[in-house]
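Work through the exercises below with the sequence and the 3D structure open. Try each task before you read its solution.

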Amino acid sequence: MNLPFQIDLSGKVAVITGGSGVLCSAMAKALAACGAATAILARGLARAQAVADEIAASGGRALAISCDATDKAALERAQQKILSTLGQPSILVNGAGGNRPEAMTEDEFYSPAGESVRQFFDLDEQGIRSVFDLNYLSALLASQVFAQDLVQAPGSCIVNISSMNAFRPLTKIPAYSAAKSAVSNLTMWLATYFAPSGLRVNAIAPGFFITNQNRDMLFDPNGHPTPRTEKILAATPMNRFGTPDELIGALLFLVCPEASGFVTGVVLPVDGGFSTYSGV
């Protein structure tokens, strides 16, 4: 892949949860292109293996592991496999995340009862818990498991994947917005907690990128932009969606101790200006 700049990660091992997704697979390939051995953790082994195979075909070293990042025992099994196959990790990217339809409203604003849409009062408790587990709990548990290795590796770091929703909650997705806010808060907490050890903890907050999870929300079956897309682009000064490769510069900066050795606890927006625009 084409990197915005090159850093040397030779001899390092990177663990990426949610590593088969559109954004995190690009991150995994970038870390591998810089020389890191990469462990791709995802619930579906086939998709994780496809990413690992692509890395291997480009001359890198990668290991695909089926792992539910909300299950600590599964993460511990993955940790042991990584230690025995690739070696001691020094980079953790907490990329597992997502949303659930049952934790989303279909209306943007409250209207009187009788509407045939999912309102705030209809949100499913289990769906909300699932969204928090997938986004927040997964990052906490993976950090618990892998930070035991990271604190022993000089120059090690954790990069969490937050969201623009953490700065300003978006309409229709209260659980996801709150969960990503928790990820940002966890990032700052972990940064403080691990500072004496030298383990740095930061986060990237992507703006709007087209992924497999949000494609149907952004485009209709004919590929035309939905009203939601029109609102997003109107609120993004650069007036477009980001591309996965546009996250790589931020990632490489944060994982490189020579570039960001005194940077910890930050949440870095990569959003085309969305977080700067008030709408007027």
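Contact here means heavy atoms within 4.5 Å. The model is predicted: local features need pLDDT of at least 70, side-chain atom pairs count only at pLDDT 80 or more, and totals for chains, interfaces and linings use all residues. Residues are numbered from 1 along each chain as its sequence is written, and side-chain values use heavy atoms, with hydrogens and water left out.

**Exercise 1. Which residues does I204 touch, and which nonpolar core has I204 among the residues with the most contacts inside it?**

Step 1. Leave out residues up to four places away in sequence; I204 then touches M27, V159, N160, I161, S162, S163, L247, A250, L251, L254, L268 and V270.

Step 2. A nonpolar core is a set of buried Ala, Val, Leu, Ile, Met, Phe, Trp, Tyr and Cys residues joined through side-chain atoms within 4.5 Å. Buried means under 20% relative accessible area, exposed over 50%, and partly exposed in between (1.4 Å probe, protein chains only).

Step 3. The largest nonpolar core has 38 residues. Those with the most contacts inside it are M27, L31, V93, I204 and V255.

Step 4. Two or more residues each come from β1 (13-17), α1, β2 (37-42), α2, β4, β5 and α8. Helices (H or I, at least four residues) and strands (E, at least two) are DSSP runs, numbered from the N terminus. The largest share, eight residues, comes from α1.

**Exercise 2. Is helix α8 largely enclosed or open, and what covers its buried residues?**

Step 1. List the buried residues of α8: I248, G249, A250, L251, L252, L254 and V255.

Step 2. Seven of the eight residues of α8 (residues 248-255) are buried, so the helix is largely enclosed by the rest of the structure.

Step 3. The cover includes α1 (22-33), β4 (91-94), β5 (157-161), β6 (200-206), α9 (257-260) and β7 (267-270).

**Exercise 3. Describe how α1 packs on α8.**

Step 1. Take the axes, which are lines fitted to C-alpha atoms, for helices over the stretch in contact; angles run from 0 to 180 degrees between N-to-C directions. The axes of α1 and α8 come within 10 Å and cross at roughly 50 degrees.

Step 2. That makes α1 oblique to α8. Angles under 35 degrees count as roughly parallel, over 145 as roughly antiparallel, 65 to 115 as roughly perpendicular, and the rest as oblique.

Step 3. A26, M27, A30 and L31 in α1 meet I248, L251, L252 and V255 in α8. The contact residues divide into eight nonpolar, no polar and no charged. Here Ala, Val, Leu, Ile, Met, Phe, Trp, Tyr, Cys and Pro count as nonpolar, Asp, Glu, Lys and Arg as charged, and the others, Gly among them, as polar.

**Exercise 4. Where do K172 and N239 lie, and what is phi for each?**

Step 1. Most residues other than glycine have a negative phi, and most peptide bonds are trans.

Step 2. K172 has a positive phi, near 80 degrees. K172 sits in the loop between β5 and α5 (174-194). At 27% relative accessibility, K172 counts as partly exposed.

Step 3. N239 also has a positive phi, near 60 degrees. N239 is in the loop between α7 (227-234) and α8.
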